[in-house]
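Subject: Structure handover

Hello,

Please find the structure below. My notes on it follow.

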Amino acid sequence: MSCEEIAVCAVRLRENLCLYFEDDELECDAFCKDKTIKRFFRNVNSQLLVVRPDLSVAAFEDVTDQEVKSGSGMYFDIHCYKTTAPSAGMPVAFSVQVEDKSYYMCCEKEHGKMVVRFREGEVPKDIPGESNIIFFKKTFTSCSSKAFKFEYSLEQGMFLAFEEEDSLRKLILKKLPREDEVDETTKFVTSHNERHNL
């Protein structure tokens with residue numbers, strides 16, 4: 001049996017419940033919620049993403065001004081998390097209010113295929129490890145700083161996208177052969193309100 005030198009570092013827990021090492025060379029614990037921003041999501045057809053839990057679907061739709069004013073199922077909270085792997089993109093989770101209930105976005109396997117679902121409940125403040133609610137936010141292309149794509153954290157190359165199905169443009173997960181592939185179905189534009197982009 002050989003002896004190895006093992007470095008032990010002092011740690012402290014700050015008020016945001018993130019673990020910080022006293023040694024500046026080490027990084028803090030992954031997936032601590034940092035901030036939350038509210039946004040609408042648009043696809044390349046300028047349609048808004050709308051969650052309809054009663055139909056168990058999220059789809060991009062043309063909506064009336066009256067529907068937009070209510071914001072129900074359309075105005076998303078983007079929960080930004082701190083992570084130890086910033087090169088993967090900013091880790092985010094999504095939630096949305098529909099009437100008086102809160103729903104969070106997650107990915108689940110159904111019939112051997114990954115699908116996007118919205119479940120009733122709140123997004124956690126801290127996530128101790130891997131999670132089916134985390135996506136990595138990345139710019140869509142280097143020359144398109146206002147458009148984003150969202151890669152599923154548990155499967156590299158799997159992105160949020162939309163797909164035509166029964167006259168709906170449903171929110172799905174789509175596997176891209178290469179991360180740098182430009183696929184317009186994975187392009188999302190966020191905005192503060194229904195009319196103006198960031």
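Among contacts (heavy atoms within 4.5 Å) between residues at least 6 apart in sequence, 52% join residues at least 24 apart.

This is a predicted model: local features need pLDDT of at least 70, side-chain atom pairs count only at pLDDT 80 or more, and totals for chains, interfaces and linings use all residues. Residues are numbered from 1 along each chain as its sequence is written, and side-chain values use heavy atoms, with hydrogens and water left out.

Overall make-up

The protein has 14 strands and one helix; these are DSSP runs numbered from the N terminus, with helices being H or I of at least four residues and strands E of at least two. Of its 198 residues, 42% are buried, where buried means under 20% relative accessible area, exposed over 50%, and partly exposed in between (1.4 Å probe, protein chains only).

Aromatic rings

There are 12 aromatic pairs. Rings of Phe, Tyr and Trp (its six-membered ring) pair if their centres lie within 6.5 Å; planes under 30 degrees apart count as stacked, over 60 as edge-to-face and the rest as tilted.

The pair of Phe40 and Tyr75 is tilted, because the planes are at 40 degrees, with the ring centres 4.7 Å apart. Phe40 belongs to strand 3 (residues 32–42) and Tyr75 to the loop between helix 1 (65–70) and strand 6 (76–82), so this pair ties together parts that are 35 residues apart in sequence. Phe40 is buried at 5% relative accessible area, whereas Tyr75, at 30%, is partly exposed.

Phe135 and Tyr152 also form a tilted pair, with centres 5.6 Å apart and planes at 45 degrees. This pair links strand 10 (residues 135–141) to strand 11 (residues 144–152), parts that are 17 residues apart in sequence. Phe135 is buried at 0% relative accessibility, and Tyr152 is buried at 4%. Both belong to one aromatic cluster, whose members include Phe41, Phe60 and Phe188.

Lys137 lies over the face of Phe148, 4.2 Å from the ring centre; the criterion is NZ of Lys or CZ of Arg within 6 Å of the ring centre and within 35 degrees of the ring normal.

Strands 8 and 9

Strand 8 (residues 101–110) and strand 9 (residues 113–120) run antiparallel, joined by eight bridges; two strands pair if DSSP finds at least two bridges between them. Tyr104 stands opposite Arg119 of strand 9. Their hairpin has two residues between the strands, and His111 takes a positive phi near 55 degrees there.

Regards
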